Amino acid sequence: MANAAGPKRLTMSEVGVAIALGALALYATAVAANGWSVAFRFHGFLTLAASVAGIFAIFNNFYERGPDLPPAEIDGRPNYNFGPVKFMTAAAVFWAIAGMSVGLYIALELAFPGLNVAPWFNFGRLRPLHTSAVIFAFGGNVLIGTSFYVVQRTTRARLAGYLAPWFVALGYNFFIVLAGTGYLLGVTASKEYAEPEWYAKLLLTVVWLTYLGVFVGTLMRRKEPHIYVANWFYLSFILTIAVLHLGNSPTVPISLMSDKSYIVWSGVQDAMIQWWYGHNAVAFFLTVPFLAIMYYFVPKRAERPIYSYRLSIVHFWTLIFIYIWAGPHHLMYTALPDWTQTLGMVFSIVLWMPSWGGMINGLLTLSGAWDKLRTDPVLRMLVVAVAFYGMATFEGPMMSIKTVNALSHYTDWGIAHVHSGSLGWVAYISFGAIYSMVPWLWKRQGLYSLRLVNWHFWISNLGIVLYVSSMWAAGIMEGLMWRAYNRQGFLQYSFVDTVAAAHPLYAVRALGGALFLSGVFIMAWNLWMTVRAAPAGVAAAPLPAPAE
């Protein structure tokens, strides 16, 4: 803390971060001048610019702030730090538009291959750009932003750290920029959901550990003795993603001047560790923390207590124990030992029970408040998200059964499953949280237009139906065609035959994606007009409480 009396001084955190950024700027200068590839030199220039901008921001903030750091309380009330939350909310909307636009383009590339433009804009480079942008850029900003909001409101404590929350927000988004531009330039580790190369992963490690420190530090300084269940889900997300990232990412760069590195794992062990990581990235990045959003925003929006707080705790412990073992179902009929495949299948089926327990808990929270769905399209979006969560967590265990997997694996059925979960569950619960938070953060009376939210809901819902149903049909058709034999015992269809048969369904998928993206543009316009509106006093909503 700066002293209340005497000359204003830089804090230890300001000095430490400035020194670290200075050292990073020196290394980035060397990379920009001597990097072994054009892509690595470009990233050197980006890192140098970001480091210099960070140092400038630290000293500019020092000269503009008062002699004391912002207090934890003002007149006995918590002095919340919502600046990073606002930034990450805006970043989430930006990355949603960017990532889903890329997704629409690659869907069109599959339907109309002439749209592939080598090398930067072919499918091979744009596909990981799309997945990373929608999962880690859009989803990650939503998760970190909402976790910073929820942990402050439920603990009645200001975020721990002075620069640390902003370092997490800005550092995480700079990691996204490094990863995304790297994909376009051909820089990739070629590991699903873990494509960034060693230097981007190293930055993410530092940012993520800082995130963990901020979140735990805020919990430790809480004014509420009880830790609300949403924070349990957020904390397990932060801890488990750290373990997964460190376990799947140990690489050895061939030089500090090269973007290329080699993973320390090899063969089937590398495959097993990759899908231990990959499936649990789905579990602990795309499921568990979004359940934290459900447990906070659904009760807040419905103005009802959670149906059963006890059930939410059972949901938490069973989910995190069972989910971690289900990864082998991605490697059915491969070199992985058969007992490991069976283990993954069994735990996947058992996973159905806690997943539906959470879905039922979320839906029954609306007991006595179902009439609100007619007048509040934001709540409707949140509730439909929970319903999609139930559907996706039924379909996933079913697809892990070996006989079903024999038909579905490597087909577009997997694409349908992933997008019913990502569009219907992840995106909808995120949209509901953003629609709820923006008026609260910017102190507006409400959203600019609930009618626009209604349009967003129905247009995007139609898009999901077209997308998922077309890929279900394509996937089952592909699986049946690939296993069809003629009387002589030869395959009846070639792979090209299945591609030609799926063409009209690919066109329908692109139409569905275009409708969903249109809804995101409507949301962005609605939120922009909300922020531009004149501020108004907004009464604080009550904290969620257990029904028991």
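This is a predicted model: local features need pLDDT of at least 70, side-chain atom pairs count only at pLDDT 80 or more; totals for chains, interfaces and linings use all residues.

Visitor: Is serine 312 buried or exposed?

Guide: Serine 312 counts as buried, because its relative accessibility is 0%. Leaving out residues up to four places away in sequence, serine 312 touches Val229, Phe233, Tyr295 and Asn361.

Visitor: Which residues is serine 132 in contact with, apart from its neighbours within four places in sequence?

Guide: Serine 132, a residue of helix α4, is in contact with Ala137, Tyr183 and Glu195 once those neighbours are set aside. Serine 132 has a relative accessible area of 9%, so it is buried.

Visitor: How does leucine 235 count at 23% relative accessibility?

Guide: Leucine 235 counts as partly exposed at that value, since the buried class ends under 20%. Leucine 235 lies in helix α7 (residues 229-248) and touches Leu212, Phe215, Val216 and Leu219, residues up to four places away in sequence not being counted. The C-alpha atoms of leucine 235 and leucine 219 are separated by 9.9 Å, and the two residues are 16 apart along the chain.

Visitor: How should I read the nonpolar interior?

Guide: In soluble globular proteins, nonpolar side chains tend to be buried together. Here the largest nonpolar core has 127 residues, of which Phe138, Tyr172, Trp208, Phe285, Trp425 and Phe431 touch the most other members. Helix α16 supplies the largest share of this core, 14 residues.

Visitor: Which residues is tyrosine 172 in contact with?

Guide: Setting aside neighbours within four places in sequence, tyrosine 172 is in contact with Met88, Phe136, Gly140, Asn141, Ile144, Phe167, Leu204, Val207, Trp208 and Phe285. Another core, of seven residues, lies apart from the largest one, and its members include Ala39, Val187, Trp198 and Met257.

Visitor: How is the packing of two helices described?

Guide: Two packed helices are described by the angle between their axes and the distance between the axes. Helix α8 (residues 267-286) and helix α9 (residues 288-302) pack at about 20°, and their axes are 3 Å apart. That angle makes α8 roughly parallel to α9. Ala283, Phe284, Phe285 and Leu286 of α8 make the contact with Val288, Pro289 and Phe290 of α9. By class, the residues of this contact are seven nonpolar, no polar and no charged.

Visitor: At what angle do helix α11 and helix α12 pack?

Guide: Helix α11 (residues 338-350) and helix α12 (residues 352-364) pack at an angle of about 25°, with 4 Å between their axes. The two helices are therefore roughly parallel to each other. Their contact brings Ser348, Ile349 and Val350 in α11 to Trp352, Met353 and Pro354 in α12. The residues in the contact of α11 with α12 comprise five nonpolar, one polar and no charged.

Visitor: How are salt bridges to be understood?

Guide: Side chains of opposite charge can pair when their charged atoms come close. A search of the whole structure finds six salt bridges. One of them joins the side chains of lysine 191 and aspartate 270 at 2.8 Å, N to O. Lysine 191 lies in the loop between α5 and α6 (198-220) and aspartate 270 in helix α8, so the pair ties together parts that are 79 residues apart in sequence. Lysine 191 is buried, with a relative accessible area of 8%, and aspartate 270 also counts as buried, at 18% relative accessibility.

Visitor: Where do glutamate 303 and lysine 372 lie?

Guide: Glutamate 303 forms a salt bridge with lysine 372, the closest N and O atoms being 3.4 Å apart. Glutamate 303 is in the loop between α9 and α10 and lysine 372 in helix α13, so placed that the pair links distant parts of the chain, 69 residues apart. Glutamate 303 is exposed, with a relative accessible area of 56%, whereas lysine 372 counts as partly exposed at 26%.

Visitor: What is the phi of lysine 443?

Guide: Lysine 443 has a positive phi, near 55°, although it is a residue other than glycine. Lysine 443 is found in the loop between α16 (412-441) and α17 (450-482), and it counts as exposed at 53% relative accessibility.

Technical notes. Residues are numbered from 1 along each chain as its sequence is written. Side-chain values use heavy atoms; hydrogens and water are left out. Axes are lines fitted to C-alpha atoms, for helices over the stretch in contact, and angles run from 0 to 180 degrees between N-to-C directions. Angles under 35 degrees count as roughly parallel, over 145 as roughly antiparallel, 65 to 115 as roughly perpendicular and the rest as oblique. Contact means heavy atoms within 4.5 Å. Ala, Val, Leu, Ile, Met, Phe, Trp, Tyr, Cys and Pro count as nonpolar, Asp, Glu, Lys and Arg as charged, and the others, Gly among them, as polar. Buried means under 20% relative accessible area, exposed over 50%, partly exposed in between (1.4 Å probe, protein chains only). A nonpolar core is a set of buried Ala, Val, Leu, Ile, Met, Phe, Trp, Tyr and Cys residues joined through side-chain atoms within 4.5 Å. A salt bridge is a side-chain nitrogen of Lys or Arg within 4 Å of a carboxyl oxygen of Asp or Glu.
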